[in-house]
Amino acid sequence: MSVKKRARFIEKISTGIEGFDEITGGGLPRGRTTLIMGGPGCGKTVLALQALVNGATRHGAPGMFVAFEENADLVEENAESFGWDMAGLQKKLIYFLNAQLTPDVVKVGEFDLTALLAGLEAKAKEMGAKLVVFDALDVLLSLLDDPAAERRELYRIQAWLKRTGLTGILTTKIEEDKSPAGQRYGFMPFMADCVVRLGQRVIDRVAVREMRLVKYRGSPHVLNEVPFVIGAAGVEVGASNGVHPEPQPFKMRVSTGIERLDEMMEGGIYRGTNVLITGSAGTGKSTLSGLFLEAACRRGERALFVSFDENTRDIVRDLASVGVRLAPHLKTGLLRIESVRTEAASSEDHLIRMKHLIREHKPACIAVDPFSALVKVGGELAARNVAERLIYLCRNERITALLTSMIEGTDVTMETTPLHISTLADSWLQISYSLHAGERNRALTIIKSRGSKHSNQMRELIFSNSGITLTDPYTAGGEVLMGTLRIEKENAVRTMAERKRHEIDHKRREIELILAERDLRLVGAQRDLLDCSEELDSLALAQITSTSERTQRQDAVVRKRDDKLVREQANGAKPAGGKPCKRSKAGNEQP
Amino acid sequence: MSRTATGASHAAHGAYVFRIYIAGGAPNSVRALASLYALCRQHFPESHHIEVIDVLKEPMRALAEAILVTPTVVKITPAPELQMIGDLSDEEEVLRALGLPQTTSG
């Protein structure tokens, strides 16, 4: 580390503590002193120890822990409970020093910490330590029993840290307040380059841990109070003010579990995004959560159901009653239902727990129901912060999330959520009770669906034994009809159609009848026509026949007459007696 | 650094054996050393032993023996072991701790 470099900016060492590096802009100041202060039980020791352990395990940086108050064995035991392998680390990376004076030590005059510092310096050289923790410095100082001596020894430690180039973490129970002790040790923060104050507050009977960076010399940092928790893996700081990278969501769609809802949303939810479902009590938010996860499991995806204040057995049973079957998926392990008591922890604790659940179970889809339960514990501001971070977490992990939120009251026009997360959510569905004609019906509206077209029409949500579906919208007089009104309308429409059909049938029959009659008439007329023509033909025939007969007769007469003439001419005197007879006869026939 | 015979032999005879941890020539260390010698000369002129350990020269030893401050004086024998911290300027307290009669002025 060159002098030039040191003069320019503070070099930092990562603590590896989630959120802490974020608010400090990279970690603790390297080669400088950080003071962690706070009341008893605030987590000072854990924070310091965690930085030490992480430095050793992640960066291979050896460190020393000097315990002035607690016995090192106790500290070690405590550390093991967070899953840190102290026994393994102590072999070469971490050195523990029990630095408690036995109670029967007699003070006989002035003394200083030279022995301790000389010893630590030698040890640091031997093991190549980079970090040193002085835990519970206040206990050491109280031995000195003299403000001037206390100040002198503190400066001695500070000078020693500077000289050795070690990064120091000092913890102290001393609070910055108006109490005598506070005033007496009020100078301590001035000595350190970085001051972290830990606190504990009780909001709505839930303890909330808070951390504030009071000071960070030469470095920008988050000044706000930020929540933190001491969870199963140690300290986790709920930093939220950083810029979150937003990964591109998948272009694929995920089913909501309701086919018709998917249709309304152009094929479902984009994978990796989140849907907020708001609604008052009993509108079916949990059912939609269940459906969504059931659909995920059916696709063979892992799913996580975080339910506040309802136990797993009840959830499974209640959802089964509307045809959502979760039990088989629980059995296969695809689905995990985590039932959480809201009041058991602060919202920050809940977030951490969810975070760990997500890491353990690695779900592709998650439902948190009701997400708004977080507001109940530890104040709204903290809850909103937690809500935001959960959304960011899901986005980063590419988990498709369904979050439900309770809305008090039945005002359907009230489109605000207690957590004000509606602006953060990618999609927002509202289930409301529609009050009409003495009925409450569930109505679903898509208020927002980022990145896709969606139906803006309100639809009725119907729950039945056979499942859940959305109806086609029926509008009348500018209103969407639901429940009985819808059924009436459906019936009316059906009757109307029926009547129309009857009318048409009737008309058709009438026409057919007419047609048949006309056909008949036509047939009759044709027959008449035929008869007439036949008669005509026969008449014509008859005429022809009679004409030919007459001609033949005339011919015969002519022939006969000619024959007679010929004979008379031949006989010479043949009387023409017979001829007149015949002629008269012929003359009779021929008037 | 022994001034008289070995500690062990003195211990066997009920002699006073002390170990003092000092930090080089630090003023309080120098004062403590001087006071200890004076005390031994006065109260146990024939049977005392003082071991002096400079933590600046043997820092690891101080650490191993859990010595946090200098000067520290440990009375090893006679039993029980007694640890005193400070430059021994509080003479009254020193004598009381060692179970010696308070020095009458003069």
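Mentor: Two residues are in contact if their C-beta atoms, placed from the backbone, lie within 7 Å. This is a predicted model, in which local features need pLDDT of at least 70, side-chain atom pairs count only at pLDDT 80 or more, and totals for chains, interfaces and linings use all residues. Residues are numbered from 1 along each chain as its sequence is written, and chains are lettered from A in the order in which they are written.

Trainee: Which residues is A:V66 in contact with, leaving aside its neighbours within four places in sequence?

Mentor: Its partners are A:L97, A:A99, A:V132, A:V133, A:F134 and A:D135.

Trainee: Changing topic, how many residues of chain A are in contact with chain B?

Mentor: On the chain A side there are 22, and they meet 28 residues of chain B.

Trainee: Which element gives the most to that side of chain A?

Mentor: That is α6(A), with eight residues. Helices (H or I, at least four residues) and strands (E, at least two) are DSSP runs, numbered from the N terminus.

Trainee: And which strand of chain B does β6(A) pair with?

Mentor: β6(A) pairs with β4 (residues 82-85) of chain B in the parallel sense, over two bridges. Strands pair if DSSP finds at least two bridges between them. Within β4(B), B:I85 is the bridge partner of A:K107.

Trainee: What about chain B itself: how many helices and strands are there?

Mentor: Chain B has four helices and four strands, in the order α-β-α-β-α-β-β-α along the sequence. Among its contacts between residues at least 6 apart in sequence, 65% join residues at least 24 apart.
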